Amino acid sequence: MTYKAMAAACALAAFGFVGASSQAQAAKTLVYCSEGSPENFNPQINTTGTTFDATLQVYSKLVEFKPGTTEIQPGLASKWDVSEDGTVYTFHLRPGVKWHSNADFKPTRDFDADDVIFSFERQWKDDNAFHKVSGGSYDYFNDMSFPKLLKSVEKVDPLTVKITLTGPNAPFLPDMAMDFMSIQSKEYADVLTKKGKPDQIDQAPIGTGPFEFVQYTKDSTIRYKAFKEYFGAKPKIDNLVFSINKDPAVRLAKLRANECQIISFPNVADLPSIKADKTLQLQEQPGLNIGYLAFNNQKKPFDNKLVRIAINEAIDKKAILDAVYQGAGQPAKNLIPPTMWAYNNDIQDFKYDPADAKKKLAEAGYPDGFETDLWAMPVQRPYNPDAKRIAELMQADLAKVGVKASIVSYEWGEYRKRVQQGEHQAAELGWTGDNGDPDNFFVPLASCAAARPGGGSASKWCDPQFDDLINKAATITDQAERKKLYMQAQVIMHEEAPFFLIAHSVVFMPMRSNVSGYVMSPLGKHQFDQVDLK
Amino acid sequence: MLQFILRRVSLIIPTFIGVTLLTFALIRLVPGDPIEVRFGERGIAPERLAELRHEAGLDQPLWKQFLDYEEQVASGDLGTSVVTKQPVWTEFTELFPATVELSLCAIIFAIVIGLPLGIIAAVKRGSPFDYGLMGVSVTGASMPIPWWGLMMILVFSVELGWTPVSGRISDLFYVEPYTGFMLIDSWFSDDDGAVLSAISHLILPAIVLGTIPLATVARMTRSAMLEVLNEDYIRTARAKGLGGMRVVLVHALRNALIPVVTVIGLQVGTLLGGAILTETIFSWPGVGHWLVESVQRRDYPVLQGGVLLVASLVMLVNFGVDLTYGFLNPRIRR
């Protein structure tokens, strides 16, 4: 009897032990080797992708980008109505959405309209108690012209919010899916105010997203755990760790050693060896960006359309892609990248044809060519890995048609300022999109408004017909109608050739071969809620 | 003695001002504005730029900015990071233990290996071992840390898989930062294996950071030992018939250690300088890594405050060394 009891006890203990250990093993932890430290955990204040990645796991927005696309899908708002004139948006909020909790905060209520109002007013109103917290500079809110665009944000009832705009604005909805419109908890803000530590709202974030924030060790790791009460599809992993490593070579070494399972921004030179490694897989996607050489359309000789077309024919785009992008670039024929819904694929890019280029130059009154400056950025950008090298290749090509280009460069801040002032004749620059809306490319880069001195356009190109089309497209909410207008606009842009469009760079994500469910975002976001480890 | 201390202290104040002036001027000589650097292609409207520059006090003349900064520092406020909006002091105290832990391990590594090597080289003076060691130590002292660190990672972490690539502990362990010293904190963690993981993460960075001090310690020990071994009392000891080992380790080493200990004290500066590079390569979250980031982000308050704190530390250590000296050797008090 005693033996039996002992045996049973042993069996139970062993069972318990096995149970416990299998439970421990079952906890799935995904380590993502990221490229840098977030500034803090508030996407309203900061503008870097690194911070957005860190906050994206925690916060939700009223509407979200559908994974892998730039399309809009419901988020904290389960549906919305837009008034006939396109100026009133009524968001119907999802009921029963739970907030995260931490040592300072145990939520007593679900997400509601007060939280939405608070998140708007913190960025918008000087008199909001949290406006000045953490330095209070809301760059995106201002950049997307929200202070001008918003007339009022009102609570209709706890689950309905009415937003009135000063005029119709089609990109408003994609703007609402951007990280700066993440919704923070009003109740958490109130609790922190009472405790006398309001700045904690941006250091220890409370959101409604798929992962709860656990701990941040500065410059080292960010830890999250799956949020069991998340309103969407539950995360497949239990813990998510961001391991911060600035050096891409170190990130890759960690991936090979299985110390992390996904890494960001590999060195282009390492791609062949990653592809060859059977323990790894490589996903790729064209980035939401464009690298170009902008002709100053207000200065001679680039005020002449024939000259601009001639230069487009004189430069060997393929040679640039092969030599500088090394497979990490896609030749560009439109200003917007092909992942966008308004992309006009019927456009035929200019052919590399130095003989015809020479003919066109002669026709334009430059039979012996001309002298020009050629500005190259001093820094590497996502859309342009080596501006100086590209400038040298262009210089050599241009010499062949008699154009003598001298390469110019300045410190990066100075460079942008001078290009905005229009001091250049031809300058390399580019753009990375924010919300996947074509308006976010055409207006800042090619509108008449941006062509004024000091405006964002490097081409200083102002074509009234093109401008009408893009401005009209911004006020219509019907996407099919908008698409028609943008398609036409792209035809005009191709005919007028205000740029030499170089490339859309390709973004790569190396990961271990046992990772599944990772979907690359055309917006460059890194989202892990549906990732699983086999 | 009191006069000696006062004289030393009075030298510290001008040094402080010199350090702040130098960092203040140098970071402003680097092109790029801390506000504009944030905006990228998007650019910023001139009015908004002016507003943000005004808030950060950057629209003031430089001399005024400097005086304001000195006044602020004198009142004990090192400012707030432009990037993270956290006080510089808070960030420093959060990161400093990591640097101390790494530096201590590096110096221990340098002493444990460097001292015996130096002694053996001195005793076997002129032997192939001596020449070999001195050759290696010149190489070690001139080793570029970034190259050396990456080589170590490639060989030991990637090829052989013996050590982890980077960081302070495996990302799978969750350790509460009670003291900030990972070896101690991981000891209190419930996870088995956390301490081992912390130790294994320290090995490569400590070796890389300890390489230059190791070479210095070995060379210094050798030359100090050689000097002492030629002294009359050593010959006397040998003449008395004492054993070789006893003469070397008891009689000679004790006296030879005095200059060696000084050199070790002076390695604090080398270690903190080397930590900047080592921490960057091994993603070691310490103050070196933090300062490099602050230069890239043009985070003036962090860079100025961080350099000031590190410089104060070096000054403090040197002051301590001076005091000990003054105490031990009355001649230099004058």
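With 13 C-beta neighbours inside 10 Å, does Lys472(A) count as buried, exposed or partly exposed, and why? Let me take that as the way in. This is a predicted model, and every value I give is computed from it.

Lys472(A) sits in helix H16 of chain A. A residue is buried at 20 or more C-beta neighbours within 10 Å and exposed at 12 or fewer. Lys472(A) has 13 inside that distance, so it counts as partly exposed.

Tyr486(A) takes us to the next helix on my list, H17(A). It is one of the buried residues there, along with Arg482(A), Ala489(A), Gln490(A), Met493(A) and His494(A). Looking down the axis of H17(A), those buried residues fall within an arc of 140 degrees, so they line one face of the helix. What do they pack against? The partners are helix H15, residues 439-446, and helix H16, residues 464-475, both of chain A. On the face turned away from the buried side, H17(A) carries the exposed residues Ala480(A) and Glu495(A).

Just after the helix, Ala497(A) has a positive phi of about 45 degrees.

Now the nonpolar core. The largest one has 209 residues, and the members that touch the most others are Leu62(A), Tyr292(A), Ala294(A), Leu335(A) and Ile502(A). Helix H8 of chain B, residues 194-229, gives the most to this core, with 18 residues. As for Tyr292(A), leaving out residues up to four places away in sequence, its contacts are Leu429(A), Gly430(A), Phe499(A), Phe500(A), Leu501(A) and Ile502(A).

On to chain B. How many helices and strands are there in chain B? There are 12 helices and zero strands. The C-alpha trace of chain B spans about 85 × 55 × 40 Å along its principal axes. Chain B has 334 residues, and 36% of them are buried. Taking contacts in chain B between residues at least 6 apart in sequence, 71% join residues at least 24 apart.

H6(B) bends by about 25 degrees at Ile153(B). Ile153(B) is also buried, as are Gly149(B) and Ser157(B). The buried residues of H6(B) pack against H8 of chain A, and also against H8 and helix H10 (244-281) of chain B. Just after H6(B), Gly161(B) takes a positive phi of about 70 degrees.

That leaves the contact between the chains. In total, 40 residues of chain A are in contact with 38 residues of chain B. The elements giving two or more residues to the chain A side include strand S1 (29-34), helix H8 (248-256), helix H14 (412-421) and strand S17 (426-432). By type, the residues on that side divide into 10 nonpolar, 17 polar and 13 charged.

To return to the opening residue: Lys472(A), in helix H16 of chain A, counts as partly exposed.

Definitions and conventions
Residues are numbered from 1 along each chain as its sequence is written. Chains are lettered from A and ligands numbered from 1 in the order in which they are written. This is a predicted model: local features need pLDDT of at least 70, side-chain atom pairs count only at pLDDT 80 or more; totals for chains, interfaces and linings use all residues. Two residues are in contact if their C-beta atoms, placed from the backbone, lie within 7 Å. Helices (H or I, at least four residues) and strands (E, at least two) are DSSP runs, numbered from the N terminus. Ala, Val, Leu, Ile, Met, Phe, Trp, Tyr, Cys and Pro count as nonpolar, Asp, Glu, Lys and Arg as charged, and the others, Gly among them, as polar. The arc is that of the directions from the helix axis to the C-beta atoms. A nonpolar core is a set of buried Ala, Val, Leu, Ile, Met, Phe, Trp, Tyr and Cys residues joined through C-beta atoms within 7 Å. The bend at a residue is the angle between axes fitted to the seven residues ending there and the seven starting there.
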